[in-house]
Amino acid sequence: MIRKAVLPVAGLGTRCLPASKAIPKEMITIVDKPVIQYVVEEAVKAGIKEIVLVTHSSKSAIENHFDKHFELETTLEAKGKKELLEELRAIIPDDVSIISVRQPEPLGLGHAILCARPVIGDDAPFAVLLPDVLVDDEGLAHNDLSGMIDAFDAKGEAQIMVENVPQDMVHKYGIVALEGDSPEPGKSTPITGMVEKPDVEKAPSTLAVIGRYLLPGAIFPLLAKTTPGAGNEIQLTDAIDALRKDSNVAAYRMQGATYDCGHQLGYLEATLVLAKRHPKFGKGFNELLQRYANEG
């Protein structure tokens with residue numbers, strides 16, 4: 001069973017400037033929680049018990065968010081604010097641990113994951129969740145990360161979560177090439193490769209990689225041997241290509257929806273969707289939407 005996850009959070013978040021100038025992009029709030037908390041909750045729902053943050057010296061706010069704040073909790077308790085106190089204590093369950101490791105230089109996603117090697121080890125499979133992307137599981141019995149874990153456990157194949165995108169949008173994504181037909185949502189099929197931002201007419205499929213991976217520990221020796229590629233960075237894609245020479249790598253087609261919170265419009269869409277159904281603020285937010293729609 002996969003119980004460990006790596007969250008690379010060391011990036012400077014230039015796509016989110018100026019909002020990310022003084023605070024980590026992962027701490028920008030959607031309704032009432034920072035983006036990173038939604039991603040951690042996704043991992044916990046899928047049974048993850050150990051979360052490794054690959055971080056940077058400027059990202060201490062993320063570690064603090066998941067740490068116990070004794071003074072604040074004592075103050076809330078003294079003032080009888082039990083609901084707020086319970087919300088704070090529920091940010092991370094007692095049986096889930098958060099571990100931080102540093103990425104000393106911005107040498108790419110592959111390098112960031114390699115920084116977690118001393119904690120994960122070469123023998124245990126693990127998940128990778130990119131914190132820019134929120135994966136929405138509304139209406140699903142189990143979230144897509146759980147589905148990926150089930151597929152990994154059943155077949156022993158590394159899994160890459162993919163989402164079907166319009167044909168004219170493939171040039172914005174990493175696109176997988178498939179061994180067979182496109183899988184149904186909630187299913188996976190082996191891939192023969194990945195192409196980064198292909199021309200529309202050359203795209204091997206319309207299934208885009210969206211920032212969730214399940215990888216064997218064997219990826220670490222491959223990452224250690226991977227030479228810098230595009231942007232002079234160590235690319236995870238290159239190591240996955242090397243992994244495919246020894247074992248299958250499959251594309252898991254997601255059932256839910258994604259929101260790219262590394263981009264302003266994606267962040268606004270996530271805010272809109274999550275606010276509309278929020279248990280505390282949803283009713284008022286929908287009334288606001290109606291009011292402004294009438295004014296328009």
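The questions and answers below treat a cavity and a helix pair.

Tutor: This is a predicted model, in which local features need pLDDT of at least 70, side-chain atom pairs count only at pLDDT 80 or more, and totals for chains, interfaces and linings use all residues. Residues are numbered from 1 along each chain as its sequence is written, and side-chain values use heavy atoms, without hydrogens and water.

Student: What volume does the largest cavity have?

Tutor: On a 1 Å grid over the protein atoms alone, a cavity is a set of points where a 1.4 Å probe fits but cannot get out, and lining residues have an atom within 4 Å of a point. Grid points are joined across faces, edges and corners, and a volume is the space filled by probe spheres set on the points. The count comes to 1 cavity of 30 Å³ or more. Residues lining the largest cavity include Cys 16, Lys 25 and Gly 262, and its volume is about 40 Å³.

Student: How is H10 oriented relative to H11?

Tutor: Helices are DSSP runs (H or I, at least four residues), numbered from the N terminus. Axes are lines fitted to C-alpha atoms, for helices over the stretch in contact (heavy atoms within 4.5 Å), and angles run from 0 to 180 degrees between N-to-C directions. H10 (residues 264–276) and H11 (residues 282–295) pack at about 120°, with axes 8 Å apart. Angles under 35 degrees count as roughly parallel, over 145 as roughly antiparallel, 65 to 115 as roughly perpendicular and the rest as oblique, so H10 is to H11 oblique.

Student: Which residues of H11 does H10 meet?

Tutor: On the H10 side, the contact involves Leu 272, Ala 275 and Lys 276. Their partners in H11 are Gly 282, Phe 285, Asn 286 and Leu 289.

How values were computed. On a 1 Å grid over the protein atoms alone, a cavity is a set of points where a 1.4 Å probe fits but cannot get out, and a pocket is an open set with protein on both sides within 12 Å along at least five of seven lines; lining residues have an atom within 4 Å of a point. Helices (H or I, at least four residues) and strands (E, at least two) are DSSP runs, numbered from the N terminus.
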